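Good morning, and thank you for coming. Please look at the structure on the screen while I describe it.

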Amino acid sequence: HHDLPSKVLKLYEGIKMKDRYCLAKAITLVESIRKDHKTQAQQLLSLILDTRHERAKETGDSISTFRIGLSGPPGVGKSTFIERFGMYVLSQGHRVAVLAVDPSSLKTGGSIMGDKTRMPELSQQDNAYIRPSASHGTLGGVARNTNEALILCEAAGYDVCLVETVGVGQSETMVAEMVDMFVLMVPPAGGDEIQGLKKGIVEISDLIVVNKSDGVFASAAREAVTEYTSALKYLHPSSPFWQPRVIKVSAKTNSGLDESWKFMQDYYNIMKSSNELYKRRGKQRKLWMWRQITSELLDRLNSDKEIRNLVDELEQKVFHGEITSGIAADYVVDNFTHKYNVTKTN
Ligand code: GDP
């Protein structure tokens with residue numbers, strides 16, 4: 001370890017001591033696009049991984065945290081729910097981190113999720129840590145940073161980590177691919193609206209939470225529960241060990257929070273004891289490795305001037321239908337790998 005920069009070691013020690021300032025700095029490091037920052041971030045993550053691995057060997061328990069994804073359309077009540085639910089989970093003796101993947105902030109610089117003062121009570125708690133979404137880069141990049149930020153939060157002793165996202169485009173899938181359990185929050189509406197819901201998202205949900213089950217919405221919420229429950233029957237569950245559930249809650253009146261947590265813990269216990277959780281995390285790590293390979297290769301390809309020129313030329317030919325897309329792609333890849341081989345042997 002003495003080869004490591006003192007900055008990395010300091011952050012590592014700080015995180016181990018549950019120092020929030022160090023955790024925040026470390027997440028910023030993970031989000032940075034600077035090459036030296038990237039190297040430091042990987043050094044820090046490696047240290048944490050080593051420690052984790054050692055501890056797992058000692059205790060025989062390789063998973064001691066719970067990562068929960070929460071998605072749903074804007075306005076469904078995600079931040080209200082996380083505020084109330086987070087307080088409840090704290091009261092059960094856990095430490096809670098909340099991370100976000102906000103796809104809207106990438107294009108506009110503003111965001112659907114981040115503009116309002118979110119979770120005012122939870123954010124005041126010593127045992128809670130709330131980190132808004134990074135707002136630059138690609139969605140894939142932001143998701144990858146969040147994935148790494150999760151590891152940092154866990155190392156800082158947050159054993160329950162919530163990753164929130166808006167139900168837009170690819171962000172839900174990406175969040176599902178970094179958590180142990182994926183929870184979908186839906187409004188108290190049935191009929192056509194549930195028909196319109198993306199089937200793929202319902203399919204990857206381990207729990208569906210119908211929010212706003214209070215006052216005038218109460219009966220609509222009950223109907224929604226019935227409809228989602230029957231809709232789930234026709235879908236293939238994402239794990240043979242778990243049949244997805246539907247429950248109603250009210251973030252406003254706090255009803256259903258304990259039941260939500262109970263379902264989540266049931267899921268966690270079943271998936272952990274059957275080794276499914278271990279496999280799920282393993283598969284996810286491989287997936288992120290391949291994402292990283294793909295994006296890194298593309299970055300290198302795009303930052304090579306010569307190849308870039310070739311690509312521009314070929315794109316024109318492809319555009320006008322002069323050569324096939326397949327031949328053009330092969331040509332680019334062949335040139336790129338050939339060039340790389342030549343420089344390597346020099
Ligand atoms: P988000 O965009 O999904 O984070 O939604 P918010 O948490 O900002 O909530 C959107 C609106 O719904 C706000 O006006 C909340 O006060 C309201 N809301 C959230 N949860 C509930 C609930 O359980 N019942 C009712 N009646 N309103 C709620």
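I begin with the shell around the ligand, whose residues divide into three nonpolar, seven polar and four charged. Here Ala, Val, Leu, Ile, Met, Phe, Trp, Tyr, Cys and Pro count as nonpolar, Asp, Glu, Lys and Arg as charged, and the others, Gly among them, as polar. This is a predicted model, in which local features need pLDDT of at least 70, side-chain atom pairs count only at pLDDT 80 or more, and totals for chains, interfaces and linings use all residues. Residues are numbered from 1 along each chain as its sequence is written.

The ligand is surrounded by 14 residues, and the closest are Gly77, Lys78, Ser79, Thr80 and Lys252. A residue counts as near if its C-beta atom, placed from the backbone, lies within 6 Å of the molecule. Helix α4 (residues 78–91) gives the most to this shell, with three residues. Helices are DSSP runs (H or I, at least four residues), numbered from the N terminus.

Next, the domains. The assignment, which is automatic or from a database, gives domain 1 (1–60), domain 2 (63–274) and domain 3 (304–345). The centres of domain 1 and domain 2, taken over C-alpha atoms, are separated by 27 Å. In contact are 10 residues of domain 1 and 12 residues of domain 2, contact meaning C-beta atoms, placed from the backbone, within 7 Å. On the side of domain 1 that touches domain 2, α2 gives the most, with six residues. That side divides into seven nonpolar, no polar and three charged residues.

Definitions and conventions: Helices (H or I, at least four residues) and strands (E, at least two) are DSSP runs, numbered from the N terminus. Two residues are in contact if their C-beta atoms, placed from the backbone, lie within 7 Å.
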